[in-house]
Amino acid sequence: MEKSAVYHRPSDNFAYSINTNTLHIRLRTKKADVQNVTLLFGDPYIWENNEWQIEEMPMAFSGSDDVFDYWQVYVSPDFKRLRYGFKLQSDAETMIYTEKGFYETAPLDTDFYFCIPYLHENEVFDAPDWVKNTVWYQIFPERFANGDSSLDPQGTMPWGSENPTVNNFFGGDFAGILQHLDYLADLGINGIYFTPIFKAYSNHKYDTIDYMEIDPQFGDKETLKRLIAECHSRGIKVMLDAVFNHSGYYFAPFQDVLEKGDQSDFKDWFHPHSFPLTGGERPNYDAFGFVESMPKLNTANPDVKDYLLTVGKYWIEEFNIDGWRLDVANEIDHQFWREFRQEVRSIKSDLYILGEIWHDSMAWLRGDQFDGVMNYPFTTNIKNLLAKQSITGQEFIENMSKVYHNYPKNVFEVTFNLVGSHDTPRILTECADDEQRTKLIYTMLLTFMGTPCLYYGDEIGMSGGADPGCRECMIWNEEDQNLDMKQHIQKLINLRTNERLLANDGEIEFLLPDSPNGIFGYRKYTEDKSVVVLVNSTDTKKTYSLTEPLGDIKDIYSGKSYTSSSITLEGYGFAILSCTHTQRGIY
């Protein structure tokens, strides 16, 4: 047995509370090295005849990546505290693994074991329940719809009259969004994520001038209140985008520092290296990615912190928003985010706090900062699989299994899954205009764990390259829309809405193919039911055999029933199978 591959620690993604009574415990071992794992556990204060009372519970295999296997178990300690270790069995040997190392027999002293001192209710990860059941729609307000031409900035072009550039305007606004809320509701959308709406110089609005004012090209505050109220009346949540890492060039405090230098009362709001401030390729002040027009804010400064926390609370108190998406969240200090969470959650306890982080995000997801992050590993892997076709189905499953086991399950359930945005080429374009591959991507997006998001216009087959090509005006003429793509997405959203297992109720198991490019999938399940999603990521017909004892197998997308466990899929085909079964006990 490979001891160096065995890993556990009693925190983060390896041991955590899923509610006030239950722990989810995981263990990592070398791939295909261990046949069985048993949890050894007990209350540290329960002894009989001078012997610690150790209980045993089998752990379930929960998946593997390219290097490791993972095991899991749920345990509910009677007195909310636990000491525990693991019994590992292979064909050749049995070992006991504890906090102090490996042993041939289980130590009798509790000090040898991993420790959960107490399950505190206020430390349970508490992302809003509604997020798991939400299908988001990202709106870039300048390009969704122009409903009030009187608000158009100077030089606004007629809607869709030319290709987007970095600097041109087409007059999208709140009035236009209001006119098309029924379109979104009919599609099945129940969450809107707006890119920034605050006063800014650019068309993308990530260079904020005033965090307390709406950009006049979008409308006024009363119109926004009406928009949010109309969304809520349709069951649609609203999430705004906050850029707290940096301000815009024309933000009044930054202009004051530009003018007054080290005599400015706002000089400590930023990170100047010297005075006077100068821009260029390497500004003499910290900025977002050396972009001189986006100076970095000093969130450790009490005045900056107070200002931004006021902003965070204001748009909840006055407009009843349901979530904050936080731009460049990883470049802001953790203490700021801890205080941010406390402040905004004191106003709205089920507010969704979403961070933009592209790398390992565990440090932000311990329950004291964010509820979720944008799941870019999912984006990368699904594009590599079906757009670039640079990885196999087996590699996709192994990669996503690794990502899944890097986070607690209740964190992964509310991670924000996307396949396109205002920063990336349109997904249809990335698939070389192949509609079958694009549809398959949406099938996976809308059946995978997490809360999925569509980028405006993708549902009607809009195309376009990287920014600014991905920011074309929304096409509203149905004759120019891909209605087949729209109906496919609409049907998937409806399935996700009506089948709770597709919306993160239950467990997940990743299904490896029988060959690297064979059919693969994932199974979402409870004790008596499974929904199995099978995917053929190649252009060749293939067959897959389900290994679990299943009954009453029906494809809830196509309506086809199966009398055997052998499933054949056409090239780029899929199946969404609803099955009854007798589940292995892992609860």
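Residues are numbered from 1 along each chain as its sequence is written, and side-chain values use heavy atoms, with hydrogens and water left out. Because the model is predicted, local features need pLDDT of at least 70 and side-chain atom pairs count only at pLDDT 80 or more, whereas totals for chains, interfaces and linings use all residues.

The protein contains twelve helices and 30 strands, both being DSSP runs numbered from the N terminus (helices H or I, at least four residues; strands E, at least two). The radius of gyration is 26 Å, close to the 25 Å that the globule rule gives for 587 residues, so the protein is as compact as a globular protein of that length. This radius is taken over C-alpha atoms, and the globule rule is 2.2 Å times the number of residues to the power 0.38. Along the principal axes, the C-alpha atoms fill a box of roughly 80 × 60 × 45 Å.

Of the 587 residues, 57% are buried, where buried means under 20% relative accessible area, exposed over 50%, and partly exposed in between (1.4 Å probe, protein chains only). The protein exposes about 23600 Å², of which carbon and sulfur atoms supply 45%; accessible areas come from the Shrake-Rupley method with a 1.4 Å probe, and for residues only the protein chains shown count as cover. Contact means heavy atoms within 4.5 Å. Among contacts between residues at least 6 apart in sequence, 69% join residues at least 24 apart.

Rolling a probe the size of a water molecule over the atoms shows where empty space is left. On a 1 Å grid over the protein atoms alone, a cavity is a set of points where a 1.4 Å probe fits but cannot get out, and a pocket is an open set with protein on both sides within 12 Å along at least five of seven lines; lining residues have an atom within 4 Å of a point. Grid points are joined across faces, edges and corners, and a volume is the space filled by probe spheres set on the points.

The largest pocket has a volume of about 630 Å³. Its lining consists of 27 residues, and Ser202, His204, Tyr206, Asp207 and Met294 are the closest to its centre. By class, this lining holds eleven nonpolar, eight polar and eight charged residues. Here Ala, Val, Leu, Ile, Met, Phe, Trp, Tyr, Cys and Pro count as nonpolar, Asp, Glu, Lys and Arg as charged, and the others, Gly among them, as polar. The second largest pocket holds about 400 Å³ of space. Among its 21 lining residues, Asp12, Ala15, Tyr16, Ser17 and Glu123 lie nearest the centre. Strand β1 (residues 15-17) gives the most to this lining, with three residues. The division for the second largest pocket is 13 nonpolar, five polar and three charged.

Three cavities of 30 Å³ or more are counted. The largest cavity, of about 110 Å³, is lined by 15 residues, with Ser361, Val373, Asn375, Tyr407 and Thr415 nearest its centre. Two or more lining residues come from each of β20 (372-373) and α9 (409-412). Ten residues of the lining of the largest cavity are nonpolar, five are polar and none is charged. The second largest cavity has a volume of about 40 Å³. Residues that line the second largest cavity include Tyr193, Arg325, Glu356 and Trp358, and its lining divides into four nonpolar, three polar and three charged residues.

Asparagine 13 is placed in the segment before β1 and counts as buried at 10% relative accessibility. Leaving aside neighbours within four places in sequence, asparagine 13 is in contact with Arg26, Met362, His405, Asn406, Tyr407 and Pro408. Asparagine 13 and histidine 24 are eleven residues apart in sequence, with 8.9 Å between their C-alpha atoms.

Threonine 208 belongs to strand β16 (residues 208-214) and is buried, at 1% relative accessibility. Not counting residues up to four places away in sequence, threonine 208 touches Phe198, Lys199, Ala200, Val243, Ser247, Gly248 and Phe251.

Serine 537 lies in the loop between β25 (529-535) and β26 (542-545). At 6% relative accessibility, serine 537 also counts as buried. Apart from neighbours within four places in sequence, serine 537 has contacts with Leu385, Leu386, Gly393, Leu440, Phe520 and Tyr572. The C-alpha atoms of serine 537 and glycine 101, 436 residues apart along the chain, are separated by 43 Å.
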